Amino acid sequence: MRLRKVLIKLMILGTVLGLIIFGGIGEFSKSQKANSLGQVKYLIGVSYPNLNGPWQLQMNKEIKNEIARHDDTRVIFTDAAQNDEQQVQDIHSLMSYGIDLLIVSVDNASTLTPVISEVYKKIPVIVLGRGVKGYDYTLYIGSDNQLNGNMAAKEAIRLLGNKRGQIIEVEGNKESLQAEERSKGFRETIQRESKHSIIETINGNWLKDRAEDELKNLLKSGVKPDLIYAHNDAMALGAYQALKQLKIEGIKIIGTDGLNEESGGLRLVKQGIIDATYITPTGGTSAVQYAIDILHKVPGLPKKIILRNHEVTKSNVDSYLTEGDNSSIPFIKKKERKIKLGFAQVGSESEWRLANTDSIISAAKEAGVELILKNADYSQKKQMDIIRDFIKQKVDVIAFSPKTEDGWEEVLMEAKNAGIPIILSDREINVEDQTMWTSFIGSDFVEEGRRAGKWLVSDSKLTTTPLHIIEIEGTANSAPAVDRKQGFNEIIQQNSKFQLLQSYSGDFTLDQGKKWMKQALKTYGTEIDVVYAHNDDMALGAIKAIEDYGLKPGVDIKIISIDATIKAFNSLKLGKMNFTVECNPLLGPQLMKAVKDLENGIEIPQKIITAEETFDQKQSKKEFSRRAY
């Protein structure tokens, strides 16, 4: 009881809190909160796995600084001190105090995912820095950890040169998705692009001392590495100290986090203690800003924010230490006139695309952005010509939805040399130099495919006989087609009863969907149990072909699709379609926000992933009247 009174008093005074919450403190109800805190309207709970690492401490500092700007909001911090079960208890305690929103960073995704899923059913949840399994949260803010590992591998290859190098990997918490993804990105790139070998992996659990002890034991056994890759800078420093104590020289060290503080990655690079680090923003400031938006029910908020990593080596560390180097990312110079945005739309191949175009036009008008929108009519060459024309016109920003993933290096280098930021809308690209583009705004296509697969698994859980699937893919080598196929296959390949009969490329159009479904029926007939189409238009074409064949779509053959347009909802209502995954085309407001942020010198996220839902026949009846596209 006494501790509770102290807690309330501290929040009234607006004092920075650093609480470790244990079970049994007692209830802190919303009515008590409202009565005790006066003008305080919102209470945010922040749960950390530990606060003894520099990266987590920096995150905590950012949250405190940003929350201080909001007079009607207070925050309770908890520190689980590296104990997963304690963090679960901490979250339960925070819920008992009547928090309005939870911000949570995790080490052990397996242990924390279930409790976070339960909290998400009751209040908004922001997962910060280190991810959980699944999609049961309001917003994720973090870095692309697989890309981080990929970048570290490329630097390792450069540092090792032509020799066949031997590498030791020092990983973070084994149950952390962050560690898993960094390791995957590093290992895949080393194996694909070099002849170097990862000879040992040790677990440092994100801690300097543990990494130091584990590495000393390994080195004493006679292992002789050429390079050490640590998943964070604290463990990289531990590796350096182990080498120093054993008087071993000439070993390259790569870390990650890139903090500008004592023993932070930037200073370690400057002092020559490590050779490279990667600035991975904590997202603490963004978490509070988005939390306020969520609590105020601001519409159109994203599902994921992926912050940009920056590579720091001896050659560029000084610029980061003095002013924070964003030189690789172009910004808009302040204009007295309206900002001029050139948008190269890929085409008008579907209902989704038409809604996407309308959203961009209306959002530009509302934001006061001068929009020059041109349609490439589904031609990559024409799209490149449009981008080159935008460069000649000296627009401030170029955005486009690329037809395919490959082949953009030359034209994007021209834009980069002209100092024009590039924003990718809806679809991603495959280029070696990630600084050729500034941000991606769109969907998580892999997750869309997974969700389609998960519904099929759930719907057929009582079925023991084989299920034969026809897949109608989107445009060959386009990001949505590649990723939606990958995500769906990840799920169905886990059970041998799902058998893919054939995949056809339907180019995202209704006519092609109908054409290839007709071909599939001619070849396989009533053997087909399921159609998985990469968008609604192709699914609607397939439905027409199935009806022409004399079968009932949705009954004789299950139909799964992606987009969730109003036409798909109509098919769901009529029982002709079974399930659709939303792919939100209304990207205009987020695109205009990104353009405005660039004008104001704000580094926008590397990826902004839209929030999306899924709908079966029952759910579609409730949503149909509200559907805007």
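Mentor: Helices (H or I, at least four residues) and strands (E, at least two) are DSSP runs, numbered from the N terminus. The model is predicted, and local features need pLDDT of at least 70, side-chain atom pairs count only at pLDDT 80 or more, while totals for chains, interfaces and linings use all residues. Residues are numbered from 1 along each chain as its sequence is written, and side-chain values use heavy atoms, with hydrogens and water left out.

Two strands pair if DSSP finds at least two bridges between them. Axes are lines fitted to C-alpha atoms, for helices over the stretch in contact, and angles run from 0 to 180 degrees between N-to-C directions.

The sheet is open, and its strands follow the order E19-E18-E20-E21-E22-E24, with mixed pairing. The edges are E19 (498-505) and E24 (614-616); each has a single partner strand, so one side of each lacks a neighbour in the sheet. From one strand to the next, the twist averages 15°. Look at the E24 end. There E22 (residues 579-582) pairs with E24 in the antiparallel sense, over three bridges.

H17 lies across E18 (467-473), E19, E20 (530-533) and E21 (558-563). Contact here means heavy atoms within 4.5 Å. The direction of H17 makes about 170° with that of E18.

H17 also has a helix partner. H16 (residues 445-459) packs with H17 (residues 479-492) at about 35°, with their axes 6 Å apart. Their crossing is right-handed. From H16, the residues in contact include Phe-445, Val-446, Leu-456 and Val-457. From H17, they include Pro-480, Phe-488, Ile-491 and Ile-492. By class, the contact has ten nonpolar, four polar and six charged residues. As for the terms, a crossing is left-handed if the near helix is turned anticlockwise from the far one by less than a right angle, and right-handed if clockwise. Ala, Val, Leu, Ile, Met, Phe, Trp, Tyr, Cys and Pro count as nonpolar; Asp, Glu, Lys and Arg count as charged; the others, Gly among them, count as polar.

A salt bridge is a side-chain nitrogen of Lys or Arg within 4 Å of a carboxyl oxygen of Asp or Glu. Buried means under 20% relative accessible area, exposed over 50%, and partly exposed in between (1.4 Å probe, protein chains only). Glu-473 and Lys-485 form such a bridge, with their closest N and O atoms 2.8 Å apart. This pair links distant parts of the chain, as Glu-473 is in E18 and Lys-485 is in H17, twelve residues apart. Glu-473 is buried, at a relative accessible area of 17%. Lys-485 is partly exposed, at 23%.

Lys-304 and Asp-444 meet at 2.9 Å, N to O. Lys-304 belongs to E11 (residues 302-307), and Asp-444 to the loop between E17 (439-442) and H16; the two are 140 residues apart. Lys-304 counts as buried at 16% relative accessibility, and Asp-444 is buried with a relative accessible area of 16%.

Finish with two loops. Most residues other than glycine have a negative phi. Lys-394 has a positive phi, near 60°. Its place is the loop between H14 (380-393) and E15 (397-400). Lys-394 is exposed, with a relative accessible area of 64%. Asp-507 is found in the loop between E19 and H18 (510-524). At 27% relative accessibility, Asp-507 is partly exposed.
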